[in-house]
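Please open the model in your viewer and keep the sequence panel at hand. The tour below moves from one selection to the next and says what is found at each stop.

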Amino acid sequence: MQHKILIAGKQLKNLERLTIINSVDAPLSAAEIVIPYKTIRRPFTVLHQSNSDLSLIKKGAGVEIHLGYNNKLKLEFEGYITHVDKDNTSITVQCEDKFFEYKKNIADKIFTNTSIETIINYIHQQLKLRRPYSIDIDIKYSKFSIIQQTAYDVLKRLAEETHLQIFIKNDHLYITPKMLKKFNLIKYHTEKNIEKIEFEKTNLSEHKVEIIIETKNKQGQTIQYTYGERGGDKIYLKIQGIENQKDLKKIAEQAYNNTKINYQKKCKIIGWLQPYTSPGDVVELKGTEINDGLYYCQKVEVHYGETGGMRNLYCVEI
């Protein structure tokens, strides 16, 4: 079991432990790196070190975390330091993924008759980012205002209003319906690469969901759009700046599907660093008999330290 951790381009000498939480459901992924006391004064594996090396461990410094076996390391996390805690025993480094680049203020702007794509282009122009992106469902806004907000605030708002997933994977920004993007098929077997597995079962057929959207048109009149089945859970959504029936339907469908996903069978797989699995991958699960099948990986937690490495997968049945 091996690791390579780079901070501001320099490799850490020793590591006490680290945790990585990566998800396609959360707007950003995070990591925590704990550097032991014995290496605080000379934390990096470079020659002619000085105490000034500690100045590299600061907010905004770039971070890469590579983990693996037999010199075959995979990039598990790439981002930036957001906070550093120091005491007499260790340095704890908090990190966020590349969404950190969006946590900058952008110029105020009021859009009319715009779209998600136009808003994303504006954000990238403001930040001078050339990150590729893909939008699987574009939604039109009759009005969209950016006032004293960071680019991250805007992305988070878009995700909340449209009920689409917004995440970064392999330095690509995805704006997509939940569970639509499927990247790699990873095989898991209870007798080969699983230490423990836990299931959470629900009866999807018993749950009816009705989505009720309210918005206002340019004349200030209330518009209501309803989608789903009556006689079950009612979810009310109030939206501003969207009045086209086609776009209201798109949002209602996403909210409905996301709610239904919450009632599908879920599992937590506790395993080792291999096979490498990340959010958005599809797990082919075997060895459980009645629960064998395909599961969508929504979140991954990686725990790594002197005692070993574990990869926990949080999945939902497809």
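Is I261 buried or exposed? I261 is buried, with a relative accessible area of 7%, where buried means under 20% relative accessible area, exposed over 50%, and partly exposed in between, computed with a 1.4 Å probe on protein chains only. Before going further, note that this is a predicted model, in which local features need pLDDT of at least 70 and side-chain atom pairs count only at pLDDT 80 or more, while totals for chains, interfaces and linings use all residues. Residues are numbered from 1 along each chain as its sequence is written, and side-chain values use heavy atoms, with hydrogens and water left out.

**First stop: I261 and helix 3**

Select I261, which has its place in helix 3; helices (H or I, at least four residues) and strands (E, at least two) are DSSP runs numbered from the N terminus. Leaving out residues up to four places away in sequence, I261 touches K178, M179, K266, Q298 and V316, contact meaning heavy atoms within 4.5 Å. If you draw a distance from its C-alpha atom to that of L158, 103 residues apart along the chain, the separation is 20 Å.

Now extend the selection to the whole of helix 3 (245-262). The 18 residues of helix 3 should span 26 Å at 1.5 Å a residue, and its end C-alpha atoms are 26 Å apart, which agrees; the expected span is 1.5 Å times one less than the number of residues. Buried residues of helix 3 include D247, L248, I251, A252, Q254, A255 and Y256. At the start of helix 3, look for a side-chain oxygen of N244 that comes to within 2.7 Å of the backbone nitrogen of K246.

**Second stop: strand 18 and its partners**

Select strand 18 (residues 266-271), where five of the six residues are buried, so this strand is largely enclosed by the rest of the structure. Strand 14 (residues 196-200) is joined to strand 18 by five bridges and runs antiparallel to it, two strands being paired if DSSP finds at least two bridges between them. In that pairing F199 stands opposite C267. Strand 18 also pairs with strand 21 (residues 308-317), in the antiparallel sense over six bridges, and there G271 stands opposite R311.

Strand 9 runs parallel to strand 12 (residues 172-176), to which three bridges join it, and I135 stands opposite I175.

In helix 1, I116, I119, I120, Y122, I123, H124 and L127 are buried, and their cover includes strand 8 (109-115), strand 9, strand 10, helix 2 and strand 12. Helix 1 is followed by K128, whose phi is positive, near 60°.

Turn to helix 2 (151-162), whose buried residues are A151, Y152, V154, L155, R157, L158, E161 and T162. What covers them includes helix 1, strand 10, strand 11 and helix 3. Just after helix 2, H163 takes a positive phi of about 65°.

Which residues touch the most other members of the largest nonpolar core? Of its 39 residues, they are F99, Y102, I123, L158 and I213, a nonpolar core being a set of buried Ala, Val, Leu, Ile, Met, Phe, Trp, Tyr and Cys residues joined through side-chain atoms within 4.5 Å. Helix 1 gives the most to this core, with six residues. Select I123 to see its contacts with Y102, I106, A151, V154 and L155, not counting residues up to four places away in sequence. Apart from this core lies another, of 34 residues, among them L12, I33, C267 and C315.

**Last stop: E210**

Finally, select E210 in strand 15 (residues 209-216), which is buried, with a relative accessible area of 6%. Leaving aside neighbours within four places in sequence, E210 is in contact with T226, Y227, G228, E229, R230, D233, K234 and I235.

Technical notes. Polar contact = N/O pair within 3.5 Å; in protein donor to acceptor, adjacent residues only side chain to side chain.
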